[in-house]
Amino acid sequence: MASTADYKDRQFLAVIGDEDSVTGLLLAGIGHVTDPPDSQKNFLVVDNKTETSAIEAAFESFTEQRKDIGIVLINQHIADKIRHRIDTYTAAFPTVLEIPSKEHPYDPEKDSVLRRVRRLFGE
Amino acid sequence: MEEMGDIDHLLEQYLHLLHEYTSLRAELNKLQAGIYQNLARANFAAERGMRYGQDQYDDRMQASRRVVALPSSSSSARPTFEVVKVEGSDTAAAAEASVSKSDEAVASEVQGTIREEEGDKKEEEEVKDSLAKETKPKSSEPKAKKTIDPLRWFGLITPMPLRQAQAQSFQAVEDIVPKLVSINAEMAEVEIEVRRARKKRAKAEAAARKSEDMASKEEITA
């Protein structure tokens, strides 16, 4: 069970996405860079050259290492690259939410929430 | 029989949540599509070589929208999420101004060009004001960091589509995302309850079968 202490410091949204997705969300003012010397960003811009290991490292940093992230937004097509990590992630905090990207519209088949629904109804 | 009713009730509740989840999803998809379209329009109209993207991000950015997890009103341990504007920063006001401006713009796109000019003038004034404020001697909190409206990363005069994208992004981040996340948590909670109720029912059924067997055996021996 999650205690209040688990989530009261989790005040940032983090994003893992392609450039347009990150730009769009940062426009709303969710971007944050911590004080130097760490200067940790709460977003990762993923392009064709980004290694899957870098995506996985960012996901791990946002979900496990950092204690100040409350919600992780990730493009669905990027989540596909680390699907095993997403599907086995069960912690309540931070919450992971898959979002569509420009070139990859939202696919309900891949949505982890709807997959849970199917499992509950025994499909 | 009672457990059956419990499970039905939980499943009904679950389906309501699912319905809400899917409609919020649809809304988020629409907003995201709008954001991408507006960004594309801004990039299309931009000067050669200019792209509204990561090259212009401010490396010292501070979040002006933050997550607040409120303890849930029900007995469950999962909190409900909200995304709020950080109070006491310059940006809060500036950001709000640009939202209302953008909203206006969406409402009357026909008069777009005139309004854009007006808007730009206003914004220039706003920026001048904020610059004036910045040059003033620092107050009692010298280290209080200012959050800057992300639009400013891309210049003083930003194109209309970019401002529209920002307005849509505000809506997605402040309104839809926290609701989706809260519903997701609530659904997970109900799933656990359903599984628990099913287990209880299975146990009760097994116990009933056992006692039936015992009874029939006793009959045979008698």
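Two residues are in contact if their C-beta atoms, placed from the backbone, lie within 7 Å. The model is predicted, so local features need pLDDT of at least 70 and side-chain atom pairs count only at pLDDT 80 or more, while totals for chains, interfaces and linings use all residues. Residues are numbered from 1 along each chain as its sequence is written, and chains are lettered from A and ligands numbered from 1 in the order in which they are written.

Leaving aside neighbours within four places in sequence, A:Leu13 is in contact with A:Ile30, A:Gly70, A:Ile71, A:Leu73, B:Val67 and B:Val173. A:Leu13 is also one of the residues that touch the most other members of the largest nonpolar core, which has 59 residues. Such a core is a set of buried Ala, Val, Leu, Ile, Met, Phe, Trp, Tyr and Cys residues joined through C-beta atoms within 7 Å; a residue is buried if 20 or more other C-beta atoms lie within 10 Å of its own. Helix α4 (residues 160-221) of chain B supplies the largest share of this core, 13 residues. Helices (H or I, at least four residues) and strands (E, at least two) are DSSP runs, numbered from the N terminus.

A:Leu73 has A:Leu97 as its bridge partner in β4(A). β3(A) and β4(A) run parallel and are joined by 5 bridges; strands pair if DSSP finds at least two bridges between them. Because 5 of the 5 residues of β4(A) are buried, this strand is largely enclosed by the rest of the structure. A:Thr95, A:Leu97 and A:Ile99 cover one side, with A:Val96 and A:Glu98 on the other.

Methods
Buried ≥ 20, exposed ≤ 12 C-beta atoms within 10 Å, placed from the backbone.
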